[in-house]
Amino acid sequence: MYIGTFSVEANFWVAHPLKKSSLHKASVVNVRFDNMSGRAVFSCSLDGTVQVSSCYQAAVDGTDAGAGPFGTITSFGENLLSISSNGWINGLSVSPDCSQMCYVTQDCEVNFVDLSGIGKDKKPETIKVLHKGNPHLQC
């Protein structure tokens, strides 16, 4: 995955890889940024994983602490959270205050993750709802 920034001096976009190796082993189907501070990026993939990675850049984000659970991040490319699932992950969404994340899988699961304690060396609490029927493609 790459994070793009616009270079005013050069008048074009520059892509920065989050890591030298790939975060996912299959196609990434959904990407969301932390909408409180912009310092974290959420991605889900057909390999059954959700990744939350840091994407802080001082030139873009500034040096003041941002809002929300990811507002104090000052690293780029750090894996903040990795969640595995038994099936393809079709989509993910993050609450407006970035305290909750939802992701849906091909095997009819809707998963809710509490992100409010992230970074406090505890695993986020996850609630899984399984239903019969067709899989959700978005949440």
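# Notebook: strands, cores and side-chain pairs

I worked throughout on a predicted model, in which local features need pLDDT of at least 70 and side-chain atom pairs count only at pLDDT 80 or more, whereas totals for chains, interfaces and linings use all residues. Residues are numbered from 1 along each chain as its sequence is written, and side-chain values use heavy atoms, with hydrogens and water left out.

**Entry 1. The sheet**

I took strands and helices as DSSP runs numbered from the N terminus (E, at least two residues, for strands; H or I, at least four, for helices). Two strands pair if DSSP finds at least two bridges between them. I noted that β4 and β5 run antiparallel and are joined by five bridges. They belong to an open sheet of four strands in the order β3-β4-β5-β6, with antiparallel pairing. The edge strands are β3 and β6, each of which pairs on one side only. I recorded an average twist of 20° from one strand to the next; for such angles, axes are lines fitted to C-alpha atoms, for helices over the stretch in contact, and the angles run from 0 to 180 degrees between N-to-C directions.

**Entry 2. Aromatic pairs**

How many aromatic pairs does a search of the whole structure find? The search returned two. My criterion was that rings of Phe, Tyr and Trp (its six-membered ring) pair if their centres lie within 6.5 Å, with planes under 30 degrees apart counted as stacked, over 60 as edge-to-face and the rest as tilted. Phe-6 and Trp-13 are edge-to-face because their planes stand at 65°, with the ring centres 5.6 Å apart. I then looked up accessibility, where buried means under 20% relative accessible area, exposed over 50%, and partly exposed in between (1.4 Å probe, protein chains only). Phe-6 is partly exposed at 39%, and Trp-13 is exposed at 60%.

Phe-42 and Phe-70 also form an edge-to-face pair, at 5.6 Å centre to centre and with 85° between the planes. This pair links distant parts of the chain, since Phe-42 lies in β4 (residues 40-45) and Phe-70 in the loop between α1 (58-61) and β6 (76-84), 28 residues apart. Both Phe-42 and Phe-70 are buried.

**Entry 3. Nonpolar cores**

I defined a nonpolar core as a set of buried Ala, Val, Leu, Ile, Met, Phe, Trp, Tyr and Cys residues joined through side-chain atoms within 4.5 Å. The largest such core has 19 residues, and those with the most contacts inside it are Phe-42, Val-50, Phe-70, Met-101, Tyr-103 and Leu-115. At least two residues of this core come from each of β4, β5 (49-55), β6, β7 (89-94) and β8 (100-105). Apart from it lies another core, of five residues, including Ile-3, Leu-18, Leu-23 and Cys-55.

Which residues does Leu-115 touch, not counting residues up to four places away in sequence? With contact meaning heavy atoms within 4.5 Å, I listed Phe-42, Pro-69, Phe-70, Leu-81, Cys-98, Ser-99, Gln-100 and Met-101.

**Entry 4. The salt bridge**

I required a side-chain nitrogen of Lys or Arg within 4 Å of a carboxyl oxygen of Asp or Glu, and the count came to one salt bridge. Lys-128 forms it with Glu-109, the closest N and O atoms being 3.7 Å apart. The partners are 19 residues apart, with Lys-128 in β10 (residues 126-130) and Glu-109 in β9 (residues 109-114). Lys-128 is exposed at 51% relative accessibility, whereas Glu-109 is buried at 8%.

**Entry 5. Loops and backbone angles**

I looked up two positive phi values. Asn-11 is not a glycine, yet its phi is about 60°. Asn-11 lies in the loop between β1 (2-7) and β2 and is exposed at 58% relative accessibility. Phi of Cys-98, also a residue other than glycine, is near 60°. Cys-98 sits in the loop between β7 and β8 and is buried, with a relative accessible area of 0%.

Ser-95 is likewise in the loop between β7 and β8 and is buried at 18%. Leaving aside its neighbours within four places in sequence, Ser-95 is in contact with Asn-35 and Gln-100.

Finally, I placed Ser-27 in the loop between β2 (12-17) and β3 (28-33). Ser-27 is partly exposed at 47%. Beyond its neighbours within four places in sequence, Ser-27 is in contact with Cys-44, Ser-45 and Leu-46.
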